[in-house]
2 protein chains.
Amino acid sequence: MDSKQIDNVWKHGKKCEQCAIRNLVLFADLDKNDFDLIHRPINEFELAVGETLYNQGDCSDFIFTLRSGLIKLVSYLADGSVRIVRIIKKGDVVGLEALDNKHYLHHAVVLEEAAFCRIPVSQIKELNERSPHLSKQLTARWQRVIFDADVWLSQLSSGFAKQRVAYLLLYLSDGNDDGECYLPTREDIGAMLAMTTETASRVIADFKRKGFIKLVSAHQLIINKESLNELCES
Amino acid sequence: MDSKQIDNVWKHGKKCEQCAIRNLVLFADLDKNDFDLIHRPINEFELAVGETLYNQGDCSDFIFTLRSGLIKLVSYLADGSVRIVRIIKKGDVVGLEALDNKHYLHHAVVLEEAAFCRIPVSQIKELNERSPHLSKQLTARWQRVIFDADVWLSQLSSGFAKQRVAYLLLYLSDGNDDGECYLPTREDIGAMLAMTTETASRVIADFKRKGFIKLVSAHQLIINKESLNELCES
DNA sequence: CACGCCAATTGATAATTCTCAAGGATTATC
DNA sequence: GATAATCCTTGAGAATTATCAATTGGCGTG
């Protein structure tokens, strides 16, 4: 969907079904001019799998909306190992810490080919002064992030490897009714769920054998939500 | 420290060394009147170990400042088990989700005898409208919570039981240079660090044998920070 | 003081996961 | 198409932790 279409959608007061931006409740209450301010086609760009959006410590001049794809936020631990602390999904925002931090707090790396819109922090701040809406939405957003993190923490710290992987796949497929799901590398699964790549591999192999998942391509699969849900509960 | 003293401290532009409220950067930029608005002696109260400040789903009419003691925020998992998702320490705020949520998101239970000041959400909101400071401080606070949660997640999901317990004790003793530290029940340690009470007990016993910790009373101990730090790194 | 209750401890065994290692599959590059 | 590089898979044994079970110790109540 190009910018003209978005413009059109906006004019007609109808939300775009295809464009990830529509999910950004954050910007839902902006008027036409303000929306144009933050969403300019010239600020759109894409990154391939494995590319870095920003590194921890980089100057945080932009926040990003994720129009499509998947991002991982990673931290390096003292012992050199890697932990994925959060997954950013299509329609969400990346790098919000820029709003009161001069530097990004994590490494943001592309997990699944991603399209972004880059928004200068200065513009957000300007908007924030003018619009009480945005400030309110931002607060709501922080809370949502915190609560999601709490849920994630609870899940991560409970159950066997199988259950955690099942939960991850359900989480990744959330929103896709057909059960389509991106399958990360075994290493990434390990970094997300606190297990070794070998364990991740064995669990995936087991799920394949049992028919809980079916590979469509190397990193795309269809999951059987009922089976996985059942596994999570048990 | 009673309200007259606080009043006095405030007038003299000096921060109170005893009162936990002084740590609340959140309210640092308020003027005298605004401070009085949120901090009234009549709103102070205490709770004993095990008592509940609020339950998940309760109407969230107040936020609370923790003047002394320790609070745990707990979630019940699908299988009925309990996870402690966050620890609130002296000088921090509890229940901030009240600001844009009609209900509390967790159960808040007293871990170590606690003294609170209760602040009506309506007053915070009123203040928020008037003072751009507070709004800014709040944003900074959300971020801090999120970042802390990320660090906690990383620690929780890495290393052996011994290392996680060592990390917890260092975390709890943070700020006390003498290494004084509250020791939670084995069950609570388990709920925080994703291990069984038996494992928690064994680790504590091991630490005692090795001289990493020394019990002062049933739930109070002195830790050897160097030893525990070393253990965390290894 | 005896009693019950709850938290903590300790032991033996089982289950899960990690570690180390080797081989297979896939993808990228020239 | 050949080669290298990377990721994935699989196996066997070791290490960590969970589970089950029994006991101890502390604490308040009658």
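The following exercises, each with a worked solution, concern a predicted model.

Residues are numbered from 1 along each chain as its sequence is written, while chains are lettered from A and ligands numbered from 1 in the order in which they are written. In this predicted model, local features need pLDDT of at least 70 and side-chain atom pairs count only at pLDDT 80 or more, whereas totals for chains, interfaces and linings use all residues.

**Exercise 1. Determine how chain A is divided, and describe the domain 1 side of the contact**.

Step 1. Chain A comprises domain 1 (3-133) and domain 2 (157-233); the bounds come from an automatic or database domain assignment.

Step 2. To the contact, domain 1 of chain A supplies 7 residues and domain 2 of chain A supplies 5 residues. Two residues are in contact if their C-beta atoms, placed from the backbone, lie within 7 Å.

Step 3. On the domain 1 side, β3 (62-76), β4 (82-89) and β6 (107-120) of chain A each give two or more residues, and β4(A) gives the most, with 3 residues. Helices (H or I, at least four residues) and strands (E, at least two) are DSSP runs, numbered from the N terminus.

Step 4. This side of domain 1 of chain A holds 4 nonpolar, no polar and 3 charged residues. Ala, Val, Leu, Ile, Met, Phe, Trp, Tyr, Cys and Pro count as nonpolar, Asp, Glu, Lys and Arg as charged, and the others, Gly among them, as polar.

**Exercise 2. Characterise the contact of chain B with chain A, and the relation of the copies**.

Step 1. The contact takes 29 residues from chain B and 29 residues from chain A.

Step 2. On the chain B side, the elements giving two or more residues are β4 (82-89) and α4 (132-156) of chain B; α4(B) gives the most, with 14 residues.

Step 3. By class, the chain B side has 15 nonpolar, 9 polar and 5 charged residues.

Step 4. Chain B is superposed on chain A by a rotation of 180 degrees with 0.0 Å of shift along its axis (RMSD 0.0 Å). The two copies are thus related as by a two-fold rotation axis. Superposition is by least squares on the C-alpha atoms of residues with pLDDT of at least 70 in both copies.

Step 5. Since 100% of the interface residues of chain B are also interface residues in chain A, the copies meet through the same surface.

**Exercise 3. Identify which element gives the most residues to the surface near DNA strand C**.

Step 1. DNA strand C is surrounded by 16 residues, the closest being A:Phe160, A:Ala161, A:Thr199, B:Thr185 and B:Ser201. A residue is near a strand if its C-beta atom, placed from the backbone, lies within 6 Å of it.

Step 2. α7(B) gives the most, with 6 residues.
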